[in-house]
Amino acid sequence: MDNKIFLYNTLSNRKEEFNSESSEVGLYTCGPTVYNFAHIGNLRTYIFEDLLKRTLSYFDYPVKHVMNITDVGHLVGDMDMGEDKMESGALREGRSAWDIASFYTEAFKSDLQHLNIIEPNIYCRATDHINEQIALIARLEEKGFTYKTSDGIYFNTALIKDYNKLSHLPLEELQEGARVEKNLEKKNSTDFALWKFSPVGSNRQMEWDSPWGIGFPGWHIECSAMSLRYLSGQLDIHCGGVDHINIHHTNEIAQSEAATGEKFFNYWLHGAFLIVPGGKKMAKSSGDFLTLENTFISQDIDPLAYRFLLLQGHYRKPMEWRPDSALNALSGLESLRRKITELKSETSGEGRLIDSFVSRFRAALADDLNIPQALALVQELLKSDEEANDRLKTILNFDAVLGLGLAHISRDDLSLGSLPDDIKKLLTARNSARDSKDWSESDRLRDEIRSRGYLVEDTKDGMKISKA
Ligand code: AMP
Ligand code: ZN
């Protein structure tokens with residue numbers, strides 16, 4: 001089978017055929033700043049990266065995935081001004097910055113689990129790699145790329161010829177953007193901190209000794225230091241959200257290439273934002289701070305519905321979040337699960353992969369991860385008149401990429417065949433009530449079914465019915 005995958009590379013601004021430099025694809029994805037819960041916008045980016053990773057595996061590329069955990073140095077302003085997000089999180093909650101970091105790291109991992117996102121092979125914390133960061137800064141100093149100000153060691157971006165090669169923006173525009181946060185001691189507005197000194201007269205909770213004085217690393221240096229440490233020789237793909245293009249990733253490239261003299265990552269992929277009505281990106285600071293917990297879990301809405309929703313949009317197109325998005329997504333996912341369960345009840349054997357569908361599925365994925373098209377094939381398959389065993393086998397094969405956990409819906413969950421006719425009828429009526437989001441009618445029917453001795457439960461793997 002054709003093994004080519006085409007991905008949109010921000011660096012070249014076009015779709016390119018993907019080629020790996022080594023026997024195992026090196027994938028680095030910028031991870032969370034663990035000073036608060038992730039919002040569902042952040043999670044959109046992690047799902048895009050999961051789909052990319054699953055696609056690479058589906059095409060038989062082994063992947064080594066590294067994700068950093070930013071637990072120091074990311075300041076409230078992205079340009080090295082303002083408070084450290086970790087220290088301000090600690091102040092907000094009256095806990096230590098270390099406690100905050102470990103609490104929100106665990107919360108993040110639990111979000112990934114709820115969304116069926118495959119964990120990276122390596123999680124690396126910035127605070128566990130201070131030495132690597134200091135060594136990288138020292139290398140840059142040796143080569144003359146740094147200078148000192150009263151508050152830190154800075155990288156001189158004017159020494160980089162192609163500083164704008166990722167953003168493709170005129171230099172003046174990058175400089176204009178960077179001027180938002182004034183720092184009169186910087187030589188160029190785009191220069192950024194590699195090491196910041198602890199403020200005189202006050203103690204930070206997180207600080208380390210360094211050749212330049214006590215302080216903490218700047219935000220960008222951690223990703224360079226850790227990706228070079230774990231993916232040296234396999235710098236294939238680096239990802240993040242589009243907001244990382246102009247500052248964070250631009251600076252990662254500048255400092256890494258200045259230090260090593262070699263190209264830093266071949267493919268740069270960026271996920272578009274989850275936006276709020278009106279077009280603004282969803283942010284932690286925007287009025288409603290929507291988390292997986294408050295939007296899905298505490299509402300008894302299976303969080304996989306969010307994954308299902310995101311599968312319906314292309315990763316490079318902004319997606320708008322509306323108040324009814326969660327319930328709509330749930331209804332779509334449940335309807336799919338029902339069809340799969342029904343299909344399971346028709347099957348009787350192993351089945352074969354249906355080649356024509358598999359090759360269309362691969363073609364959709366290979367075209368810069370056209371997941372919406374890939375998902376549409378599942379619906380097409382469900383309606384097709386191919387053998388039930390083969391349809392199921394093929395859909396479950398697709399689910400290795402889609403990640404909806406379809407294999408786990410057991411056939412016994414909906415053994416309609418053995419149920420009395422009146423219960424079957426009530427169940428069908430309840431399913432259509434749910435399809436049209438008539439929740440009160442669906443609840444009423446559940447009670448009715450219960451009064452006739454059967455218990456209906458809506459679980460993460462679909463509807464379950466058992467004797468009460
Ligand atoms: P942070 O925790 O702020 O460092 O962000 C974690 C990831 O979420 C980064 O890759 C960001 O680019 C991404 N991100 C931030 N806001 C959004 C959004 N509204 N939609 C999608 N991704 C986002
Ligand atoms: Zn990063």
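A residue is taken to be near a molecule if one of its heavy atoms lies within 4 Å of it. By this criterion 18 residues surround ligand 1, the closest being Gly41, Thr45, Asp243, Leu274 and Met282. This is a predicted model, in which local features need pLDDT of at least 70 and side-chain atom pairs count only at pLDDT 80 or more, while totals for chains, interfaces and linings use all residues. Residues are numbered from 1 along each chain as its sequence is written, and side-chain values use heavy atoms, with hydrogens and water left out.

Helix H1 (40–58) and strand S10 (237–241) each supply at least two residues of the shell around ligand 1, and H1 provides the largest share, 4 residues; helices (H or I, at least four residues) and strands (E, at least two) are DSSP runs numbered from the N terminus. By class, this shell has 6 nonpolar, 9 polar and 3 charged residues, where Ala, Val, Leu, Ile, Met, Phe, Trp, Tyr, Cys and Pro count as nonpolar, Asp, Glu, Lys and Arg as charged, and the others, Gly among them, as polar.

A nitrogen atom of ligand 1 lies 2.9 Å from a polar backbone atom of leucine 274, and a nitrogen atom of the ligand is 3.1 Å from a polar backbone atom of glycine 41. Taken alone, ligand 1 exposes 500 Å², of which the protein buries 95% (accessible areas by the Shrake-Rupley method with a 1.4 Å probe).

Elsewhere, the axes of helix H9 (residues 304–311) and helix H10 (residues 325–346) come within 8 Å and cross at roughly 90°, the axes being lines fitted to C-alpha atoms over the stretch in contact, with angles running from 0 to 180 degrees between N-to-C directions.

Definitions and conventions
Chains lettered and ligands numbered in written order. Polar contact = N/O pair within 3.5 Å; in protein donor to acceptor, adjacent residues only side chain to side chain.
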